[in-house]
Amino acid sequence: MERSLFERLGGSGAITAVVKDFRDRCGGDPRINAKFARTDMARLTSMLIDQVSEASGGPAKYTGRDMKTAHTDMRVTTGEFNALVEDLVATLNKFGVGKAEQDELLGILGPLKSEIVEIDSSKTGTPLPQGYRPAPALAKSGS
C-alpha cells in the first residue's frame, strides 16, 4: 500500500518544522509580510499545521475558518499569493522535500488561490486594509 503524503513528508514533527520555517520566512518577506501585520502568529502556526496535516492524509483536523472567510477584505494580490508559494517551495527545498511530494502538496493547496486572491495584480507588499479584522487569538490553555 502506498504511504500517504503525510507519511512521506515525515509526519507531524516534520510538518511542524516546515510550517514554523515557512511562517518565519513569510514574516521576513517584504513582498507579503504586511498582510500578516495583525495576525496572531501562534494561531496561524497551529492552524497551518492542522491544515497541512489533514490535507496530506494525517490525523489532525483543521478547525479554522474557510480560506474565503479568512482572507476576505485582505486585498491579497496574485503577486502576493505567488510570493507565498515561492516561500513555501523555498522552505520545502530547505528541508529536502522531494519534487513528487512538493507537487502533490502544491496540487492540494493551489486550488485555494481563488478563495484567497481578491486583486488580480502582480503587485506585492501592499498594506493590509484598515478595515480588515483578523481571527481572534487562540485561547490560552487553562483559562
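The model is predicted, so local features need pLDDT of at least 70 and side-chain atom pairs count only at pLDDT 80 or more, while totals for chains, interfaces and linings use all residues. Residues are numbered from 1 along each chain as its sequence is written, and side-chain values use heavy atoms, with hydrogens and water left out.

**Overall fold**

- The chain has 7 helices and 0 strands. Helices (H or I, at least four residues) and strands (E, at least two) are DSSP runs, numbered from the N terminus.
- In sequence order, the pattern is α-α-α-α-α-α-α.
- The radius of gyration is 15 Å, which agrees with the value near 15 Å for a compact globule of 143 residues. This radius is taken over C-alpha atoms, and the globule rule is 2.2 Å times the number of residues to the power 0.38.
- The C-alpha trace spans about 50 × 40 × 25 Å along its principal axes.
- Of the 143 residues, 36% are buried. Buried means under 20% relative accessible area, exposed over 50%, and partly exposed in between (1.4 Å probe, protein chains only).
- Take the contacts between residues at least 6 apart in sequence: 81% of them join residues at least 24 apart. Contact means heavy atoms within 4.5 Å.

**Nonpolar cores**

- A nonpolar core is a set of buried Ala, Val, Leu, Ile, Met, Phe, Trp, Tyr and Cys residues joined through side-chain atoms within 4.5 Å.
- The largest core has 17 residues, and Leu9, Ile15, Val19, Phe22, Leu92 and Leu105 touch the most other members.
- Two or more residues of this core come from each of helix H1 (5–9), helix H2 (11–27), helix H3 (41–55) and helix H5 (78–94). H2 gives the largest share, 5 residues.
- Leu92 touches Val18, Val97, Gln102 and Leu105, not counting residues up to four places away in sequence.
- Another core, of 9 residues, lies apart from this one; its members include Val76, Leu112, Ile116 and Leu128.

**Helix H6**

- Helix H6 (residues 99–109) has the buried residues Glu101, Gln102 and Leu105.
- These buried residues fall within an arc of 100° seen down the axis of H6, so they line one face of the helix. The arc is that of the directions from the helix axis to the C-beta atoms.
- Exposed Lys99 and Ala100 sit on the face of H6 turned away from its buried side.
- H1, H3 and H5 are among what covers the buried residues of H6.

**Lys35**

- Lys35 lies in the loop between H2 and H3. Lys35 counts as buried because its relative accessibility is 4%.
- Its side chain makes a polar contact with the side chain of Thr126 (2.9 Å). A polar contact is a pair of N or O atoms within 3.5 Å; within protein, one must be able to donate a hydrogen and the other to accept it, and residues adjacent in sequence count only if both atoms are side-chain atoms.
- Beyond its neighbours within four places in sequence, Lys35 has contacts that include Met74, Arg75, Val76 and Glu80.

**Positive phi angles**

- Most residues other than glycine have a negative phi.
- Asp73 has a positive phi, near 70°. Arg75 also has a positive phi, near 60°.
- Asp73 is in the loop between helix H4 (67–71) and H5, and Arg75 is found in the loop between H4 and H5.
- Asp73 is partly exposed, at 47% relative accessibility.
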